[in-house]
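Visitor: Hi, could you walk me through this one? I'd like to start with the core.

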Amino acid sequence: MNQNRFCDHRLETKQLTLAYDGVPVVRNLNLGIPTGKITVLVGANGCGKSTLLRGLARLLKPKGGMVYLDGKAIFQLSGKTVAKKLGMLPQSPIAPEGLTVRDLVAMGRYPYQSWLQQWSSEDEQKVKEALDITTMTELADRPLDNLSGGQRQKAWIAMVLAQDTDILLLDEPTTFLDLAHQVDLLDLLYELHQQQGKTIVMILHDLNLACRYGDYLVAIQQGKVYATGTPERVMTEEMVREVFGLECRIVADPVADTPMCIPMGCKVKSDILRH
Amino acid sequence: MLTTEKNSYLRQQRKHLQLFTGLLLAGLILWLSLLASIAWGAADISFKDIYQAFTAFDGSSSHLIIRTVRLPRSLIAMLVGAALAIAGAIMQGLTRNPLASPSILGVNAGAALAVVVGTFILGSNSLSVYAWFAFAGAAISAITVYLLGSIGRGGLTPFNLTIAGAAITAFISSITSAILILSQRTLEEIRFWLAGSVAGRDMNLLWQVLPYICIGLILALALSKQITILSLGEDTARSLGQSTALIKILAAISIILLAGASVAIAGPIGFVGLIVPHIVRFLVGVDYRWILPYCAIFGAIIVLNADLLGRLVVRPTELPVGLVMPLIGAPFFIYLIRWKLHNS
Amino acid sequence: MTKQWLIIRPKVLPISFHCDRRVPRVLSILTLITIVAMVISVGYGEYYISPLDVIKTLLGLQTTNTDYYFVINILRLPRTLVAFLVGVGLAIAGTITQGITRNPLAAPDIIGVNAGAALAAVTLIILLPNTPVSLLPFAAFTGALTVALLIYFLAWREGSSPVRLILVGIGFSLIANALTNLMITFGEINTVSQALVWLTGSVYGRSWSQVLALIPWIVIFGAIALILARELNTLNLGDEVARGLGSPVEWQRGLLLLTSVALAGSSVATAGTVGFVSLMAPHLGRQLVGASHEGLLPVAAMMGGMLVVGADLLGRVMFAPLELPCGIITAAIGAPYFVYLLIKNRQP
């Protein structure tokens, strides 16, 4: 294939089948996550994006096939070994009442700690860095329940950063955020990717932001990969029609020149008819 | 366009017809249960005797048993079952908490304390005096829970109500046990009542509480549509133009009347209010105009049969229905949780 | 960085540890209050002994009255110690259950463990009134463990879920309560009275043998709880996050549940169902030192000990010479506390 730019895969799936309560959601899926890139999973509600992400993060045991991390079957590695290489943030996680940001971020160090080594200088250093890069140092001693949605999400990101992994899996990190905070958060992730070369896999619902921030798009339709590649390759009117069941036009984003999806909808159609 | 509208209308009609048939069927089961409850017990009585007791009363002992013991007892069991199930359904709709039941309003605990205090101070031990104490206690504690629940931030939210109920219940129960520990005489007199039973009640007692239950029932049925809307959430209900505060108050009155009258006549009987609405919702869906009548009949059937079971398993003595209910209800409850949470 | 945390990291040993900065201060204040309450409690009674004499006697110093030794060391001290230990056990058990279920209202009282213990003990008291009292703890513990195992296995369905644990637990406590009520309704009245006292929770007449029997449970499982504090922290973030951090969630939850049952079961076995402590102590602790369990566990434990010692003292003072079981006092304190929570109401 002409995807040499994306040939390096530390995380990949082979014939992966994932199921909930015996009902397969993801079927025989082969997918490689390009290292050092931002990969965005897109697809309609219920297509199996979240399930796939959970499978990649070793949260869900496959019914068939396997997920490989650095060439090893992920379920043959211990939980902590995986957690040192791969951090996962589920969709809208809930923190216990009264927990401060610092407490939360410190918990990201869990995979590095033992009964005797509960707080090494390295732990302290990493937590400090994570707080700094997410600009949460100021708010570190505030309980999470007092923060705004955007700040709270940043605190969770800081926790995953403290985990100090090369790969980050994020399930809709921008849910419940307004547009400004969405962009703010995605900028933060982009910065992380630029500065530290992290591999980021995330699910986004906003196709335009997905094209803007993603190096590599994976369109998923009913548990199968519909298309993969650069936003320019994947984001076609045909893809949006097939995967989302939506008529649209694809134009160039006036700011970033990435593809932009303009939905049609009944209103426009009837207006066109009227004219 | 027109045909689909017509189709959905027909489907609606068919569903209503099904639900109505179901209700009739449940009514038939209730009728059979009533017969069984009158016929069986410490002494079995033939159906012919039952028929004659009402058409050609001759004063024989079996006729007397039927008219003065079994019939009032069975009617009370039915009434209490219906009232508790409806009160529970309203509570669950109102608080949107699937674990809500009249007992979380502190109704049972309040009634128990009032009766214990009454016995402790006045030394009375007549069921009809108990009834008034219980009613008063239930009403006072339910109103207290409501008031406390509205103090918290956000007003009378399900969460506030549940917490207030739990706190008041715990507080009241601790006073009750303090009295029972200090006075063994009270304990001796009251413990059978505390278990919750419909045994030994006569028609007189029934007539005393009947008006309250009737008012409660009518109020509940009148509110059924409003409660369906309220069960979608308070904001939704308000944006649909509902005066939620008024509905909540009316519903509360209905719950207090129903649950208070039940505890007054039969003592604290748990589980009916918790379990019946779940079964009913599973069968008929979310519309309270159907849920409430079904709850009434199912509640009556369940309490009637639980009482019958309590009489039959350890003949010639009997188990109070308040103890039989959780023993058959709780395993079912656990099964329901496993099954239901599995699917969601 | 060090502003908020107390960090212990000796250069020579490969050990490091951190907790909230407020922990040492809070813990020492609580300990002080507890000791004062214990001294007063030991001195108080029909035969009054001044605090100074109590301290002297406890330290083995010479006092004016030779009876003091007997009254304090044999009669009163064990009772107070039992109260303290029971409080510690219940509080830790409550902190654990609240942590693993992520529900601030889930105390062992609610998820049926105590109900199981109570059923077993009440059955013993009422049906076999002649069995020696020393068998009571074993019965109670067996009851607690049985119910806990049943809950865990019935709530298991492709993994255990906190919500299912709570709901199944409520179902079991309803069954156990019904059976207990059955005994109370039909049992012989004197044994019922006795059972009722036990049910409300009381440390009346506890002796050294009970103290010695309880200590190993509290010490061993308390230590396990402290070691597992970190696991509790991660579980508290939700299964997904905990698993993402590499925690073997099911194992840890099972182990923690067992620890909680052991603590609650042994405490309930010794003093009956002293209510509300396992609910209140963790709440209060969280308000004092935050939600991180390394600091919360010891603080909640000391808080629990203080509550029960205080409740026992109050129960004796309030209607003297009548004595109220401490369980009634804790419930009577617990309820207004809940109302306070309600008014303050942090949750919308």
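Visitor: Which residues touch the most other members of the largest nonpolar core?
Guide: Val105(A), Val80(B), Ile86(B), Ala134(B), Cys295(B) and Ala121(C), out of 305 residues in that core. A nonpolar core here is a set of buried Ala, Val, Leu, Ile, Met, Phe, Trp, Tyr and Cys residues joined through C-beta atoms within 7 Å. This is a predicted model: local features need pLDDT of at least 70, side-chain atom pairs count only at pLDDT 80 or more, and totals for chains, interfaces and linings use all residues. Residues are numbered from 1 along each chain as its sequence is written, while chains are lettered from A and ligands numbered from 1 in the order in which they are written.

Visitor: Where does the largest share of this core come from?
Guide: From helix H3 (residues 61-95) of chain B, with 18 residues. Helices (H or I, at least four residues) and strands (E, at least two) are DSSP runs, numbered from the N terminus.

Visitor: New topic: is Gly304(C) buried or exposed?
Guide: Gly304(C) is buried, because 34 C-beta neighbours lie inside 10 Å. Buried takes 20 or more other C-beta atoms within 10 Å, exposed 12 or fewer, and partly exposed is in between, with C-beta atoms placed from the backbone. Gly304(C) sits in helix H13 (residues 293-318) of chain C.

Visitor: And what is Gly304(C) in contact with?
Guide: Beyond four places in sequence, its contacts (C-beta atoms, placed from the backbone, within 7 Å) include Gly87(C), Leu90(C) and Val277(C).

Visitor: How about chain A's pLDDT?
Guide: That is the predictor's confidence in each residue, from 0 to 100; chain A averages 88.

Methods: Two residues are in contact if their C-beta atoms, placed from the backbone, lie within 7 Å.
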